[in-house]
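Trainee: I would like to go through this model with you one feature at a time, beginning with a single side chain and moving on to the pockets.

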Amino acid sequence: MTAFTDPLRLRIIGILDRNGETPCAAIYHEIGISKSGASHHFRVLRETGVLLSRMSGRDHYACLRREELEKAYPGILDAVLGELRRQASIERERDSPVAK
């Protein structure tokens, strides 16, 4: 699935996993990319069925479509999130003052 082939999209998925429904602006600010750059990644994630977005007033919000993904691709989201968590753990250990 192309949604899982880009590091920025994986970061978006990780943020949504950690925070649940999140304003899209908060996500692209956290990642440090422009709104136009983020729009492409959000579109890919929406079109592949990974996330659902909604508007509230002028703000867009996104959340993972866990149930739909599990039905269509059993275990894929757990596998991707497990790998993201493993990589984050390795980075934390590497950056830890104890490890230096």
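Trainee: Is Asp-78 buried or exposed?
Mentor: This is a predicted model, and in it Asp-78 belongs to helix α5. The cut-off for an exposed residue is a relative accessible area over 50%. Because the relative accessibility of Asp-78 is 54%, this residue counts as exposed.

Trainee: How far apart in space are Asp-78 and Arg-92, C-alpha to C-alpha?
Mentor: In sequence, 14 residues separate Asp-78 and Arg-92. In space, taken from C-alpha to C-alpha, the distance between Asp-78 and Arg-92 is 21 Å.

Trainee: Which element of the protein chain has the lowest mean pLDDT?
Mentor: For the protein chain the mean pLDDT is 90, with 97% of the residues reaching 70 or more. Among the elements, strand β1 (residues 22–23) has the highest mean, 96. The lowest mean, 86, belongs to α5.

Trainee: Which elements each supply at least two residues of the lining of the largest pocket?
Mentor: The largest pocket holds about 440 Å³ of space, and its lining is made up of 15 residues, of which Leu-10, Arg-11, Gly-14, Leu-84 and Ala-88 lie nearest the centre. By class, that lining has seven charged, six nonpolar and two polar residues. The elements that each supply at least two of the lining residues are α1 (7–19) and α5 (76–95).

Trainee: Which element gives the most to the lining of the second largest pocket?
Mentor: The second largest pocket, with about 300 Å³ of space, is lined by 13 residues, and Cys-24, Ala-25, Tyr-28, Lys-35 and His-60 are those nearest its centre. Two or more lining residues come from each of α2 (24–31), α3 (35–47) and β3 (59–64). With five residues, the element that gives the most is α3.

Trainee: How many residues in the lining of the second largest pocket are charged?
Mentor: Divided by class, the lining of the second largest pocket has six nonpolar residues and three polar ones. The charged residues in this lining number four.

Trainee: Which residue lies over the face of Tyr-61?
Mentor: For aromatic rings, a pair requires centres within 6.5 Å, and by this rule the count of aromatic pairs is zero. A charge over a ring is a separate matter, for which the CZ of an Arg has to be within 6 Å of the ring centre and within 35 degrees of the ring normal. At 4.7 Å from the ring centre, the residue over the face of Tyr-61 is Arg-54.

Note on methods:
Residues numbered from 1 in each chain as written. Predicted model: local features only at pLDDT ≥ 70, side-chain atom pairs only at ≥ 80, totals over all residues. Heavy atoms only, no water. 1 Å grid on protein atoms, 1.4 Å probe; cavity = no way out; pocket = protein on both sides within 12 Å on 5 of 7 lines; lining within 4 Å. Points joined across faces, edges and corners; volume = space filled by probe spheres on them. Helix = DSSP H or I, 4+ residues; strand = E, 2+ residues; numbered from the N terminus. Nonpolar A, V, L, I, M, F, W, Y, C, P; charged D, E, K, R; others polar. pLDDT = per-residue confidence, 0-100. Buried < 20%, exposed > 50% of the residue type's maximum accessible area, 1.4 Å probe, protein only. Phe/Tyr/Trp six-rings, centres within 6.5 Å; stacked < 30°, edge-to-face > 60°.
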